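Subject: Structure handover

Hello,

Here is the structure I said I would pass on. My notes on it follow below.

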Amino acid sequence: VDYILTVAVSVSAGTAALISIPTFHDTLIDHRVAICLTLIALISLANLRGIKESGRMFAFPTYGYIVMVVALIFFGLTKWFFGWFGGISAIDPSTIQGLEVEEISGGTISLFLILKGFSSGAVALTGIEAISDGVPAFRRPEPKNAAMTLVAMGTILATLFLGVSVSIRW
């Protein structure tokens with residue numbers, strides 16, 4: 001059940017992120033379910049190959065994500081410390097045609113918004129069950145290597161979270 005929830009949250013978040021790109025929004029908005037089902041089918045096929053093989057397949061996107069977030073943190077902090085990379089000016093909501101001010105500001109907070117934030121945050125911790133389920137795939141001594149992997153994963157997660165939090169603050 002935990003892996004099904006992990007896949008559901010990850011696929012829906014990934015699809016929402018893909019559709020949020022302005023270039024793709026108009027063409028993909030009506031195909032959300034098909035995109036989700038296609039991604040679930042691809043993940044299922046990758047997992048049928050076995051623990052080690054699927055781990056190798058999913059390593060590239062994982063490392064790519066880490067590199068991109070580190071780059072985001074780097075650019076944010078260098079902008080804050082040194083003023084590099086230009087500035088961002090606020091957009092006046094009245095200049096955007098076809099949108100109400102409530103749509104731009106996000107409206108009021110609701111239970112669904114809180115639940116969406118919770119599910120998005122839960123995705124950050126989904127690798128824990130993958131490591132615990134895949135202990136037999138680790139090299140000997142399996143428990144020690146799995147524990148070291150969990151510590152490394154926790155360190156990376158804490159570093160990225162702290163870096164993004166500091167970058168957002170300034």
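Is Phe-75 buried, partly exposed or exposed? Phe-75 counts as partly exposed because its relative accessibility is 41%; buried means under 20% relative accessible area, exposed over 50%, and partly exposed in between, with a 1.4 Å probe and protein chains only.

Before the rest, the conventions. This is a predicted model, so local features need pLDDT of at least 70 and side-chain atom pairs count only at pLDDT 80 or more, while totals for chains, interfaces and linings use all residues. Residues are numbered from 1 along each chain as its sequence is written, and side-chain values use heavy atoms, with hydrogens and water left out.

Overall, the chain has eight helices and zero strands (DSSP runs numbered from the N terminus: helices are H or I with at least four residues, strands E with at least two). Buried residues make up 13% of the 170 residues. The accessible surface of the chain is about 13,100 Å², with 71% of that belonging to carbon and sulfur atoms (Shrake-Rupley method, 1.4 Å probe; for residues, only the protein chains shown count as cover). Of the contacts (heavy atoms within 4.5 Å) between residues at least 6 apart in sequence, 51% join residues at least 24 apart.

The aromatic residues

A nonpolar surface patch is formed by Phe-74, Phe-75, Trp-80, Phe-81, Phe-82, Trp-84 and Phe-85, with about 810 Å² of accessible area together. Patch members have over 30% relative accessible area and no salt bridge; like charges are joined within 9 Å, and nonpolar side chains (Val, Leu, Ile, Met, Phe, Trp, Tyr) within 5 Å. A salt bridge here is a side-chain nitrogen of Lys or Arg within 4 Å of a carboxyl oxygen of Asp or Glu.

There are two aromatic pairs (ring centres of Phe, Tyr and Trp, the last by its six-membered ring, within 6.5 Å; planes under 30 degrees apart are stacked, over 60 edge-to-face, the rest tilted). Phe-74 and Phe-75 pair edge-to-face, at 5.5 Å centre to centre and 65 degrees between the planes. Phe-81 and Phe-82 form a tilted pair, at 6.4 Å and 55 degrees, and both residues are exposed.

Trp-80 and Thr-78

Trp-80 lies in helix H4 (residues 51-82) and is partly exposed, at 35% relative accessibility. Thr-78 is also in helix H4, but counts as buried because its relative accessibility is 7%. Leaving aside residues up to four places away in sequence, Thr-78 touches Gly-83, Trp-84 and Phe-85.

Regards
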